[in-house]
Amino acid sequence: MRRWVLAIAILAAALFLGAEAQAVQQGHQTERISGSAGDVLEDNPVGRLKVYVYDLPSKYNKKLLKKDPRCLNHMFAAEIFMHRFLLSSAVRTFNPEEADWFYTPVYTTCDLTPSGLPLPFKSPRMMRSAIELIATNWPYWNRSEGADHFFVTPHDFGACFHYQEEKAIGRGILPLLQRATLVQTFGQKNHVCLKDGSITIPPFAPPQKMQAHLIPPDTPRSIFVYFRGLFYDTSNDPEGGYYARGARASVWENFKNNPLFDISTDHPPTYYEDMQRSVFCLCPLGWAPWSPRLVEAVVFGCIPVIIADDIVLPFADAIPWEEIGVFVAEEDVPKLDSILTSIPTEVILRKQRLLANPSMKQAMLFPQPAQAGDAFHQILNGLARKLPHGENVFLKPGERVLNWTAGPPGDLKPW
């Protein structure tokens, strides 16, 4: 009973936040992000780096998209929109001799099943083929073996190119990408599929669609905890316990009848509006640690409750996740109600004020056209912070590091 009283008190305080947030927006004032994060979010990468975009045959990118336009709308679409952005970006150079970074546009997730899920099985061969092409036709790959190149690899487990974790770990990162910088949605500490120096990004969530579902900012947040999604994956995990490492199942088993929790497998047409009416939005791991819920929560000002041990969050050097979110260990899911109801109201209100900061929301989105401070610019800022390249980037004449014949035999077949 005490927990419910605390939750009601929090909800009562949250009712006033909508009006407060509206006043903040009208006055063009938001709470300053502490530390350097605010400055980093607002960095302008133009003038700090130059990027050369390889002009690959369309079979590696545009032809795939033309064959299946659904690739534009799934959560892996960052690879497509990053390519489009760079083609018209002020950081693009047509002179490779002056480039700081080289970008190879390969749409490795644009091979979809009838249900719209990407098949990663051809991705390693496609990527190898593209690297062989640029290594043969341009001199820049060979001088560094990719150490001044970056690739967008938004698969579930990045450049390990598999959607099942055990098999992804068994594969490891494609050997030819070992020296390159990977821009990927997957991020987990001490994991085979996250190499040092990678830039972790948010998954793609459609900005225009979310914009169309915005509700008045003074709308009360009358839902305490909100979640819509799977709790079990019986088709791929019939015995249970493997999917989401049991965390989602634990949410359902412990809180399906708790009146503070609005959780279900249903995905109503009011999903976006419901998030804007919620104080906390659960963001648990699934098959991978990440999902678009994190983006949606930030954009809609719902405090993300992150349940994914050792997750590496998007733009972690720029976004103060500890200040805007709540982290709950997977083993502590049964205590989720007491954890959330024990958070002081003033802490909740501050998190909501920080989430109301437009720069926070913008950093999580890939808008068309691009806008200052968006996810495209955060990626460029991440690349700029890696400059100048160290002495170990460029190889000595005749020196070779990568093993071109390494990897599973199937990956070595022509694409």
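**Close-up views of a predicted model**

**View 1. The largest nonpolar core.** This core holds 83 residues, and Leu86 and Phe280 have the most contacts inside it. The model shown here is predicted. Helix 16, residues 375–384, gives the core its largest share, 6 residues. A second, separate core has 42 residues, including Ile80, Met126, Ile134 and Trp290. In soluble globular proteins, nonpolar side chains tend to be buried together.

**View 2. The surroundings of Phe280.** Neighbours within four places in sequence are set aside here. Among the residues that Phe280 then contacts are Phe224, Val225 and Tyr226. Cys302, Ile303 and Val305 also touch Phe280. Further contacts of Phe280 are Val326, Leu340, Ile343 and Ile348.

**View 3. Leu336 in helix 13.** Helix 13 covers residues 336–341 and contains Leu336. Leu336 has a relative accessible area of 0%, so it counts as buried. Beyond its neighbours within four places in sequence, Leu336 contacts Phe255, Phe261, Leu282, Val305, Ile307 and Val328. Pro320 is 16 residues from Leu336 in sequence, and their C-alpha atoms are 22 Å apart in space.

**View 4. The largest pocket.** Its volume is about 1200 Å³. The lining of the largest pocket is made of 37 residues. Met75, Phe76, Leu117, Pro292 and Arg293 lie nearest the pocket centre. Helix 10 (271–276) and helix 11 (293–299) are the elements that give two or more residues to this lining. By type, the lining has 19 nonpolar, 11 polar and 7 charged residues.

**View 5. Two cis peptide bonds.** The bond from Gln368 to Pro369 is cis, with omega near 0°. Pro369 sits in the loop between helix 15 (358–362) and helix 16. The bond from Leu387 to Pro388 is also cis, with omega near -5°. Pro388 lies in the segment after helix 16.

View 6. Phe161 is not a glycine, yet its phi is positive, about 50°. Phe161 lies in the loop between strand 3 (149–152) and helix 7 (165–171). With a relative accessible area of 2%, Phe161 is buried. Arg245 is not a glycine either, and its phi is positive at about 50°. The loop between strand 6 (223–228) and helix 9 (247–255) holds Arg245. Arg245 counts as partly exposed, at 35% relative accessibility.

**View 7. The annotated span.** An unreviewed UniProt entry lists residues 48–343 as "domain: Exostosin GT47". The end C-alpha atoms of this span lie 41 Å apart. The span is 27% helix and 14% strand.

How values were computed:
Residues are numbered from 1 along each chain as its sequence is written. This is a predicted model: local features need pLDDT of at least 70, side-chain atom pairs count only at pLDDT 80 or more; totals for chains, interfaces and linings use all residues. Side-chain values use heavy atoms; hydrogens and water are left out. UniProt positions are given in the numbering used here, feature names are shortened, and annotations may be inferred rather than shown by experiment. Helices (H or I, at least four residues) and strands (E, at least two) are DSSP runs, numbered from the N terminus. On a 1 Å grid over the protein atoms alone, a cavity is a set of points where a 1.4 Å probe fits but cannot get out, and a pocket is an open set with protein on both sides within 12 Å along at least five of seven lines; lining residues have an atom within 4 Å of a point. Grid points are joined across faces, edges and corners, and a volume is the space filled by probe spheres set on the points. Ala, Val, Leu, Ile, Met, Phe, Trp, Tyr, Cys and Pro count as nonpolar, Asp, Glu, Lys and Arg as charged, and the others, Gly among them, as polar. A nonpolar core is a set of buried Ala, Val, Leu, Ile, Met, Phe, Trp, Tyr and Cys residues joined through side-chain atoms within 4.5 Å. Buried means under 20% relative accessible area, exposed over 50%, partly exposed in between (1.4 Å probe, protein chains only). Contact means heavy atoms within 4.5 Å.
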